[in-house]
Amino acid sequence: MGRGRTGIYPGTFDPIHNGHLDVIRRATVLVDELIVGVAINAGKDPLFDVDDRAAMVEADINGMMAANQHNGAKVRVLPFKNLLMAFAADNGADFIIRGLRAVSDFEYEFQMAANNKRLYPKIETVFLMASETNQFISSRFVKEIHLLDGDVSSFVSANVLFHLRSKRRD
């Protein structure tokens with residue numbers, strides 16, 4: 001028997017939200033191992049540093065695993081700062097998993113997938129459509145709503161909400 005299928009679900013996860021977790025749960029159906037790659041991505045000027053973001057992702061995934069919502073797949077969290085496709089190749093990935101919310105996401109992701117395929121032809125990109133309950137959630141909106149005193153508790157875990165509240169006190 002050969003090695004299992006490995007997927008990478010990359011993102012900035014600043015912060016991780018229920019839409020991300022939904023894609024992670026659904027991606028575990030497709031792979032034997034899923035690596036959630038937390039990008040340093042300083043160009044996006046993240047609210048949380050990479051270690052905090054990775055810790056939040058890890059905590060939420062641990063909750064998902066404890067609830068047995070991982071379809072038997074192994075799920076790991078790894079920060080990365082290099083080219084996504086080099087990170088994927090270094091980790092033996094067969095797939096890049098990307099979530100799509102709207103047509104505007106597709107245009108960007110389509111171009112990215114084509115470039116990635118040119119760089120690393122053996123690694124496929126798989127798109128998962130956002131579920132209808134999560135189509136409108138984005139990390140940017142979560143941060144904006146929270147910073148303007150809006151209630152984001154239905155968009156993020158209690159763990160992430162705690163971190164968001166702590167950040168407001170800084």
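## A tour from Pro-15 onward

Start by selecting Pro-15, which sits in the loop between β1 (6-11) and α1 (18-27); helices (H or I, at least four residues) and strands (E, at least two) are DSSP runs, numbered from the N terminus. This is a predicted model, where local features need pLDDT of at least 70 and side-chain atom pairs count only at pLDDT 80 or more, while totals for chains, interfaces and linings use all residues. Residues are numbered from 1 along each chain as its sequence is written, and side-chain values use heavy atoms, with hydrogens and water left out.

Now look at the bond joining Asp-14 to Pro-15: it's a cis peptide, omega about 0°. Most peptide bonds are trans, and most residues other than glycine have a negative phi.

Next, click Phe-13, in the loop between β1 and α1. Phe-13 has a positive phi of about 50° without being a glycine, and at 2% relative accessibility it is buried (under 20% relative accessible area; exposed is over 50%, partly exposed in between; 1.4 Å probe, protein chains only).

Jump to Asp-149, in the loop between α5 and α6. Its phi is positive too, near 70°, but Asp-149 is exposed at 58%.

Now for the rings. Phe, Tyr and Trp rings (six-membered ring for Trp) pair if their centres lie within 6.5 Å; planes under 30 degrees apart are stacked, over 60 edge-to-face, the rest tilted. That gives five aromatic pairs. Select Phe-136 and Phe-155: edge-to-face, 5.7 Å centre to centre, 75° between the planes. They're 19 residues apart, with Phe-136 in the loop between β5 (124-129) and α5 (139-147). Phe-155 is buried, at 15%.

Last stop: Phe-106, Phe-110 and Phe-127, a cluster linked by ring pairs.
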